[in-house]
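Visitor: I'd like a close look at one part of this model. Pick a single residue, tell me about its surroundings, and then carry on from there to the rest of the chain.

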Amino acid sequence: MNLYEQFRRFANTCFLGVTILTVLTPGPISPVVYALPVTVIVTISAVKQAYEDYCRHCTDNKINKTSVTVLRKNCQFEIPCRNVCVGDIVLVSGEEDVPCDIVLLGSSQANGHCFVTTANLDGETNLKVRLCPEGLNLTASNISHSSGVIECEQPTADLYTFTGNIKIEEQKRIKDFKKHQVNAGFEASQSIQSLPHLQQNFCYSTSIVETFEFRSPLSAENLLLRGCRLKNTSYVYGCAVYTGKETKLSLNSRLSRNKFSTIESAINWFLGFFFSTLLIESLLSTYLEWNFVREKESTMTYLGGKHFNFLMSFLDYIVLYYYIIPTSMYVTFELQRMIGNNFFNWDSEMNCRGKSPLCNTSDLNEELGQIEYVFTDKTGTLTENEMRFQCCSVEGNVYYENDGVVTLLPGREHQEKRIVLEEFPAELEEFMLAMAVCHTVHCNPDTRDARMPLYQASSADEKALVESAARCGVVFQGVEQGLIKIMMKDRIKTYRRVELLEFSSERKRMSVIVIDENNEASLFCKGAESSLMQEIRGEFLEESLNHLHDFSSRGLRTLVFSCRKLDHSEVASIKTMLAHARSSTSEMEPEEKESFMNEIYSSIECNLQLLGISAVEDKLQPMVAETLASLKLAGMKVWILTGDKVETAKSISYSCGHFEETNDLLALTNPSSTDHCLQQLEEARNKIATNCRKCYALLVDGFTFTIINKEDFSRNLFVEVAMSCKSVVCCRLSPKQKAQIVKLIKLSSFRPTTLAIGDGANDVSMIQEAHIGIGIMGKEGHQAVNCSDFAFAEFQCLKKALLVHGHWYYIRAATLIQYFFYKNIVFITPQVYFACGMSPVVLYCSLFLLLYNTLFTFLPIMIYSLLEQDYCADILMTHPELYKINQNNKLMTWYNFALWVLFGIWHSLVIYFVPYCSLSIDTTVDLTTFGMTIVHNAILVVSLKLLLHSRYWTTLFVLSTSFSVLGFIIFSYVYSIFFKVFRVVEFDFLVMLDVQYTLYKSLWFWSVSILSVILSLLPDITIYILSNLESDNLVNLKPLFLTAHSSFRISRERKRHNM
């Protein structure tokens, strides 16, 4: 499998084919010359992957051998984790990780609850509560006397859904009999166990047991996932339902699709070009040789009259010229990427909140310099995701809360005349009670008796609301045995929680049914106004809606609270309906199941009475406006994709500078029909076409996009309109819709390079869909970070990641690739000049063919590709427009590639024909000496060419160039002296003995070398000087020789423009 992955690469496959050719046919070059490089390349990659596999194996083995306690046949066993089977009863002790997915059957907590953390699953460190099925809490003693069946759905990767049913038969001994006559005739609900002849009357010693049957639906609250850690609970018992690769953790560990950079696709095209060139050169050389042999055949009697073999000669030329394909380029490129990742991680300026940036892949470094579209989440990405309750609207009045002090606002225009409330009105107390009851927040058991307990929640909004209620004296103190404890006015009130209707992104609301101490039942519901307002009735509905729009226009996050009184018959009916619904969904598909349950919940959440509207503030992160402005100046278009309501998204867009006051806002929201939606799109397109010079901003909601996404025509029209706008905001989107929008733009006719950035699980889809996915290390867990290609703590880091690191990564990678092609042209094309039209005779010693790429020219380009900077970081940060220089893969276009090829051909012509022409004057040399002269000049020219091409001379770079040249001179000198001792290839007919020793004493050699270098680099020097004399350059690109390279900073002087 490893070899298959290695030889999927075009160059490796071709190199292997040529190696086979050299073995099967007597060619001009030893098979070792080709076999050794491809063997080394494949071996290095294989060893690297084998080491990674071995490390994974050791890690897996360590986990698989973890000891787990299970109950089998009424006995307790310690077994390795890998031996746990479905149906085993597993005992998990406090502070231990759950070894597989188990249904909770019993807990040390009297109420059948347990607390877990899911940091290994989603990064969330807050405590979560898991429950035994209602009415069940088995202990070790009665588990051994119980049997049962669990019916559940097939394994899925969804961490947050689980449905099934459980049926348990528990046997309880009700009476012992010794030498007593037993009569049959028990009630139908009872049975006698271990009495096989009960129909007879006899005396013996036994026990009568009663079997109790328990049935209950199962949900995600009853499931403990592998990777969870048990906290604040002594032990739990559970039944294993998913083990091994079927656990939700394993299913979520699947590798996402591979992403490839635009440079890699360009490499394939360039390799195709060079392979075609190789075939043409070989074919032309074969034809010229055939023509030469045909003309001289009568005079070449010393050849013994052998006929010319066209095929064999063609294959010989392929073997001879194949070094034009730079096989070692792949290894160098991968090494450069792997080491280059560290510069991203080491950037101290991108360390925010004590968190260093993270690279999850090294395959996309250079793609950071190609971004054209940025798709960003809002909450937690542009904002802090630190929610703080600001105000609320209750019965037409606006109340503000600050550190427990509640003030009444007489009117919006009288902000300074707020009235401090000493006592709360009854309607405000009821609203606070709804905030304290209707949620899924957990109270830390160690602080539940404090005046301000420590709360933990997966939703920052819910936590902010519960904390605000606690500051105002309505303190949520946790849930015990289904009882919600609320402290109000120094008195604890209890509310029995009957049912919890879970929140979902589709419903955008949640509800709880409770019964208070007076035995009165109520349903409390909260949610987004778009999904809830149609179900609400109230006297102050109009005023509340005005307040809601006012809150949203200020960028506040709003929720609507409502309630309905229930009688006990309704409660019983609801419980029965929900139990039946949950038990009947085990065979349904996840989407069908969710839709079915949503319909049931909607039938319950109706005829609601408005309690009030809450407003929570989520502040912008530092430097968001500046970052967005810089990205736009760099030629990128930014889209905000959020689930927030239209008004909130619009307000945040203006406050962060995404929308500007000068923009003409096009709103595609709330269409009455499909035709109306298409009409809005057509009007927007016509408006843009009429005045294309104006800057437009587009606002789209999720409902409109659902209509747009139904047909190709509307999708194409939307893409045309949206891509013509300067800024786009899409709100009220589901996670799936976010990914669909990214895919629409990514696959549009322009094929732009896209980047998606977000911090939550709802952003994972778009992060994986985009060319580059970036996760924010925020407060919504680590799912986005784990699924991303890069990650950092704050949105402002994106500016440097793209404008600096992306810019540098791209120029380094593009130059490395094209330089490899160039230096192989310089090296192997003289072989073409020498052999073409004559015979496939090798010009170079085989050892130097081996070491040209792997040793003599490797170090300078590696140092260059790690340290090169055409502009310093300060200039790139202050002049974002410089990012546009390399967009659309401009350094890897055929034009730039042709320039490198032409330079390579020119340099090869000079380094071959200058020595060749000089021989006709007064000097003659043998073949080995001539070949070594060309090798020497090629290494000099390609090394100095890179030095001239660089705009950032560090000590390390200059030393690497000097070391490569001097290293070649010393190596070739020593090798030529001790040729007989160090001879590598036995049947290499070129004799190197004393060649370099003779050359280095020759005036002809040094004269030819100096002349070749000057003539070769003359065009390069001329172009370099002219480029630096351009008066309209923003910065001076003159390279500086630096005395230290460790700072990785560049000093540049700006040109002074005379007025």
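Guide: Let's start with R337, which counts as buried at 1% relative accessibility. Buried here means under 20% relative accessible area, exposed means over 50%, and partly exposed is anything in between (1.4 Å probe, protein chains only). Before going further, note that this is a predicted model, in which local features need pLDDT of at least 70 and side-chain atom pairs count only at pLDDT 80 or more, while totals for chains, interfaces and linings use all residues. Residues are numbered from 1 along each chain as its sequence is written, and side-chain values use heavy atoms, with hydrogens and water left out.

Back to R337: its side chain meets that of E264 in a salt bridge, 3.3 Å from N to O. R337 sits in helix α9 (residues 328-346) and E264 in helix α7 (residues 262-296), so this pair ties together parts 73 residues apart in sequence. Helices (H or I, at least four residues) and strands (E, at least two) are DSSP runs, numbered from the N terminus. Side chains of opposite charge can pair when their charged atoms come close. The cut-off for a salt bridge is a side-chain nitrogen of Lys or Arg within 4 Å of a carboxyl oxygen of Asp or Glu. By that rule, the count comes to 32 salt bridges.

Two other pairs are worth a look. D403 and R388 meet in a salt bridge at 2.9 Å, N to O. D403 lies in the loop between β16 (397-402) and β17 (405-409), and R388 in strand β15 (residues 388-394), so parts 15 residues apart in sequence are tied together by this pair. D403 is exposed, with a relative accessible area of 56%, while R388 counts as partly exposed at 31%. Then there's K489, which forms a salt bridge with E429, the closest N and O atoms being 3.0 Å apart. That pair links distant parts of the chain, 60 residues apart: K489 is in the loop between β22 (483-488) and β23 (491-501), E429 in helix α10 (residues 426-437). K489 counts as exposed, at 66% relative accessibility. As for the place where we began, salt bridges that share partners join R337 and E264 with E334, D363 and E366 into one network.

Now for the helix segments picked out in the UniProt record. The unreviewed entry's "transmembrane region" annotation covers residues 266-288, 308-325, 841-867, 894-915, 927-948, 955-983 and 1003-1026. UniProt positions are given in the numbering used here, feature names are shortened, and annotations may be inferred rather than shown by experiment. Over residues 266-288 the chain is 100% helix and 0% strand, with the end C-alpha atoms 33 Å apart. Residues 894-915 are also 100% helix and 0% strand, with end C-alpha atoms 32 Å apart.

L902 is found in helix α28 (residues 894-919), and it is exposed, at a relative accessible area of 53%. Together with Y895, L899, I905, W906, L909, F913 and Y916, L902 makes a nonpolar surface patch of about 750 Å². Patches are made of residues with over 30% relative accessible area and no salt bridge, with like charges joined within 9 Å and nonpolar side chains (Val, Leu, Ile, Met, Phe, Trp, Tyr) within 5 Å.

Just after α16, G635 takes a positive phi of about 90°.

Zooming out, the chain has 33 helices and 35 strands, and buried residues make up 53% of its 1059 residues. Contact means heavy atoms within 4.5 Å; of the contacts with a separation of 6 or more, 73% are between residues 24 or more positions apart.

The predictor's confidence in each residue, pLDDT, runs from 0 to 100; the chain averages 82, and 83% of the residues score at least 70. Over residues 175-206 it is below 50, and this stretch has 45 contacts in the model beyond near neighbours in sequence.

Definitions and conventions:
Accessible areas come from the Shrake-Rupley method with a 1.4 Å probe; for residues, only the protein chains shown count as cover.
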